Amino acid sequence: MDTPRTVPATPKVANWPLWLSALLPLVLLGALVAVFFFTNPLAAFKADGLPPIESISIERIELRPGEFIVTVFNGSPDPLTIAQVTVDDAFWEWQMTPSAELPRLGRGTITIPYDWMQGEPHAITVVTESGTTFTGEVAIAAETPQPGPTQFLAYGLLGVYIGVIPVGLGLLWFPAMRRMGRKGLNFVLALTVGLLVFLLIDTALEAIEVAGDVAGVFQGLPVAAFAALLAWLAILAVSGKPSEAERDNSGGRLRIATLIALSIGLHNLGEGLAVGAAFALGEATLGSFLVIGFTLHNVTEGVGIAAPVTKDRPSLKAFILLCLLAGAPAILGAWIGGFAYSPLLATIFLGVGVGAIWQVIVEVGRLLIRDAEKNNESVANWVNVAGLALGIAVMYFTAYFVKF
Amino acid sequence: MDMKSNLSRRDFLKIGTVSTLGAAGIAALAQQSQAVAETPPARPENDQGVIDHSVHGGNMTTGDVDTTSPGAFDPAKYLTHFDYGTVTTLPGGQTLREWNIYAVDQEIEVAPGVKFPGWAYGLEGQPPQIPGPTFRCTEGDRLRFNFGNGSAHPHTIHFHGIHPPSMDGFTPVLKTGERFTYEFDAKPFGLHLYHCHTPPLKRHIHKGLYGTFIIDPPGGREPAHEMVMMMNAFDTNFDGENEIYAANTVAFHYAKHPIQVKVGDLIRIYLVNITEFDPVNSLHLHSSMYKLFRTGTRLDHYELTDTVTMGQGERHILEFAPEFPGRYMFHAHQSELAELGWMGFFDARA
């Protein structure tokens, strides 16, 4: 530089050692907190004698022979005490561990001896010391499965039925898909985008719904959004930025198929979670019907996974791995849902699913766009639009089996 | 009472053995009946006579309400306590009964551990209570209620009965710290009630400002084991529906602590319905039937029944004498109300 540099006089503060300048704001913050603590300048905003704000989440209602086991969580700013419990609008005797007094963010288990009726709905209300009530519902009463080898196997099989088998069946279309021409292939890819768009919206709505059951203090909706954002960025970071050449070779296409399988796997984890929890919480005595529905619904997922690699000849091993990547998470989901369901966990998983599915839509969409550019056509050509529409339609109508 | 109730079960068996029935059959019957008579009913009971349901689990609140600490409301004491006021005689010979009564804001325990932010009446020198004290007088007495409002809200006292409208208590509405004296002659004899008549009425009533007001007939009634039951309820979460029902405030109190009575004794219940939010309440008595005196304004009974259904503000006198020892359940015959606390027992002992 030619111009003479005028260095401004460095303020003395800059000469302080680093640790001191780092510590100073903390010390001042501590002083501020102390002032608040000892002088209570906010007292003017508080009225005396107001009852505490109470917020109890009824996280889980287990049904065992002759009793309910209810898990409650105190998400309110203060400790609170459970005073009474009613079942179906009748006071009922109960016991609570570790104590009827719940600290802030504390969790307790209420045991209520009650001859619940198989297949009928029940409502359990906890009454706090202030007389505030919080109600949890059992839609259809059925005994909650207890963890054991048989149950473990049963939930595992549930995951296989709704995840692994349908994806595998979908992959069996691979030979037929190979014989399609360019347009046919584009049609199938567009169909894949269609079903992914459906899954994106479906998963997002599911995440929003489950987030509503999360105790307010855990901020369910933001958690779902952050899980989606971070999942998307993580997949971007993991997959890196492939060159154009890489995208178009068989390795690149297999990479996209793998990404699709991964994201569908995350979605299926959410599905497994939903079905497992439904069975565990006694809300799906129509369970077998639900499983058949999910199975039909998920067959198209196999088609989506196979679509990018139809130009290639992947090994059987690759197919099996893709099938497991997409389907097996349903098994994990069913276990978690059946044995350790929590709305927060479900929200996180569903959020991750949203982020992953979004990234796959982008990737598969890119394949279609590049192909369209290469052939000098619009990506919104009738083949692609028809494929997209069919993908959405197939998901929409097969969803009739699982949406109630 | 009558002959039959003076006979014990054992006496009955003795009579049976000299009857024309076959000896073998009678022996078997005797054995069976004796087993029934001498085996205490299978119910877990602790030293205090409190039924312990927790062994099996059941339709009951968990724990017990504190009735012993100073100022705490005790449904057992309220049941049989009548307040006759300070009695003097007016120049004309008329009896004057005078009460100093106040209203305050008062938290009460309506079920074990459940605190309700209520409004309560109380007598000078005594703790506030929900229901308010039971006033009792004789037809023709002059009544004087010196009322002071110590609550943060405006209140009144409205008495049922016949009196000048200026003493009716829907006006004047008394602000915090204000006083008013209600004065009128007691008529007609019967079972009445009093309550705050300040709008919003629903809240002023269901928060606890009510009590029983008994005017005895000049000649009195037949001596009896008398008790007051005020059917009330509490909307603890303020959603316009009651979470807790009771007679005399505490859910299931007389189930956990059965009312002790004697076989053959005449029992008279002054039953008042002040339940807010529900159009009707009722009392059903097990194992017996009662004479029903509607509003208590006549000395002959209206009917013999075991269930009476009453709208809000209705009140009746019930009379019965238990013929057999044992537990006589009583409760609202609306099952929902019974299961939410309005249930109890008379424990009749020989």
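The questions and answers below concern a predicted model and take up the interface of chain A and chain B, then a sheet in chain A.

Visitor: How many residues of chain A are in contact with chain B, and what area do the two chains bury between them?

Guide: On the side of chain B, 23 residues take part, and they meet 17 residues of chain A. Of the area buried between the two chains, 52% lies on carbon and sulfur atoms, and in chain A the residues that lose the most area are A:Gln84, A:Phe91 and A:Glu93, together 43% of what that side buries. The values asked for are therefore 17 residues and, as accessible area lost on being put together, about 1600 Å².

Visitor: Which residues form the salt bridge across the interface of chain A and chain B?

Guide: The rule finds one salt bridge across this interface, and the closest N and O atoms of that pair are 3.6 Å apart. Because the cut-off for such a pair is 4 Å, that distance qualifies, and the residues are B:Lys115 and A:Glu129.

Visitor: Which strand supplies the largest share of the side of chain A that touches chain B?

Guide: Strands S3 (80–87), S4 (90–91) and S8 (122–128) of chain A each supply at least two residues of that side. The largest share is three residues, and the strand it comes from is S3(A).

Visitor: In what order do the four strands of the open sheet in chain A stand?

Guide: The edge strands, each pairing on one side only, are S1 (56–64) and S5 (95–97) of chain A. Strands S2 (residues 67–74) and S7 (residues 107–113) of chain A pair in the antiparallel sense over seven bridges, with A:Glu67 opposite A:Pro113 in S7(A). The order is S1-S2-S7-S5.

Definitions and conventions
Residues are numbered from 1 along each chain as its sequence is written. Chains are lettered from A and ligands numbered from 1 in the order in which they are written. This is a predicted model: local features need pLDDT of at least 70, side-chain atom pairs count only at pLDDT 80 or more; totals for chains, interfaces and linings use all residues. Side-chain values use heavy atoms; hydrogens and water are left out. Contact means heavy atoms within 4.5 Å. Buried area is the accessible area (1.4 Å probe) that two parts lose on being put together, summed over both. A salt bridge is a side-chain nitrogen of Lys or Arg within 4 Å of a carboxyl oxygen of Asp or Glu. Two strands pair if DSSP finds at least two bridges between them.
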